[in-house]
Amino acid sequence: MKRFKTSTLALALGAIALVAAIRPAQAADDYPTRPVTWLVPFAAGGPTDAIARNIAQRVSTALGGTIIIENLPGAGGTVGAAKVARARPDGYTLFVGHTGTMAAAPYLFKSLKYEPLKDFVPVFRFPDTPMVLLVKNGARFKSATALFEEARRNPGKLTFGTAGVGSSSHLAAEHLAATAKVKFTFIPYKGTGPAMTDLMGGQIDAMLDQTNVSLPQTQGGRLTALALTSQGRMDMFPNVATLTEKELPGFLASTWYGIYAPAGTPQHVIDTLNQAYAKALADVEFTDSLKKQGIDVLPTDKVGPVAFRAFTASEAKKWERVIKAAGIQPQ
């Protein structure tokens, strides 16, 4: 009887051990088992929020789960980034990072509470929103070359609107001026919306803004696009050349976005998210809808974790150079 009890106990313990061994594998296969939160570090309704919601809808379908968008604005997006950096690395709290929070922030803030590539793991990169060089419709500048030539003849005379000191549009404008070897007088606004209003009214001479935001104004004939900051031309801006193909070879600037996970997130979670994103991008109807909004859909070899990490690191170096050259002091 004692031997029977001992054998039974051994079998029971073995079964428990087997279940314990199987559970992690089942958990890996089952991700996600509850809603996943994507934290957007800006207010609802803005460009970052809009593209995040659009992509989240497609990725959630591919995942077979729910993605919740949480908005937490503050300090140029760094409040939200710091919160996700401290989150449990289980794949259920992810960060919608962008140019400012993941590349420029370390050089714009004295006491940043996270390190982009130490506290985060890049998961996948969204399609880009390049910038477009804009002037008022009917302005005397008919090309980027004409604008640069005028700026060289009269340094500091032309006014250039930005969304505020340290904003993506400001950094891109500083990068543009330095590369073109011209001097503009930068006029900071509280967002690109007020700057665009003044550009249409003739109060400033030029500005850079995201292609998806500017598209309605260029299509409506209120603003003229002189050049794109993308690698290649875009269908929704017919006959608009890129700066890199003529005036400024090698010049590229965009407001880019992507999903980052807290460091330590399991690889199977990263893989599952990437598979879902790849499935979303395989939908031609979806990618065509993005292109029609003025969004630049990237080649698949540029969106995965390895490429996105390398891109984030290279962008950090670029914007560090731009910020220091422009004399922008960390706040």
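This is a predicted model: local features need pLDDT of at least 70, side-chain atom pairs count only at pLDDT 80 or more; totals for chains, interfaces and linings use all residues.

Student: In which sense do strand S6 (residues 159–162) and S8 pair, and over how many bridges?

Tutor: Residues are numbered from 1 along each chain as its sequence is written, and side-chain values use heavy atoms, leaving out hydrogens and water. Strands are DSSP runs (E, at least two residues), numbered from the N terminus, and two of them pair if DSSP finds at least two bridges between them. Here S6 and S8 pair in the parallel sense over 2 bridges, and Phe-160 has Ala-206 of S8 as its bridge partner.

Student: In which sense does strand S5 (residues 129–136) pair with S8?

Tutor: The sense is antiparallel, over 4 bridges; Met-131 stands opposite Gln-210 in S8.

Student: Why is S8 described as largely enclosed?

Tutor: Buried means under 20% relative accessible area (1.4 Å probe, protein chains only). In S8 (residues 206–210), 5 of the 5 residues are buried, so the rest of the structure largely encloses this strand.

Student: What lines the largest cavity?

Tutor: Rolling a probe the size of a water molecule over the atoms shows where empty space is left. A cavity is a set of points, on a 1 Å grid over the protein atoms alone, where a 1.4 Å probe fits but cannot get out; lining residues have an atom within 4 Å of a point. The lining includes Met-131, Ser-168 and Trp-319.

Conventions
On a 1 Å grid over the protein atoms alone, a cavity is a set of points where a 1.4 Å probe fits but cannot get out, and a pocket is an open set with protein on both sides within 12 Å along at least five of seven lines; lining residues have an atom within 4 Å of a point. Buried means under 20% relative accessible area, exposed over 50%, partly exposed in between (1.4 Å probe, protein chains only).
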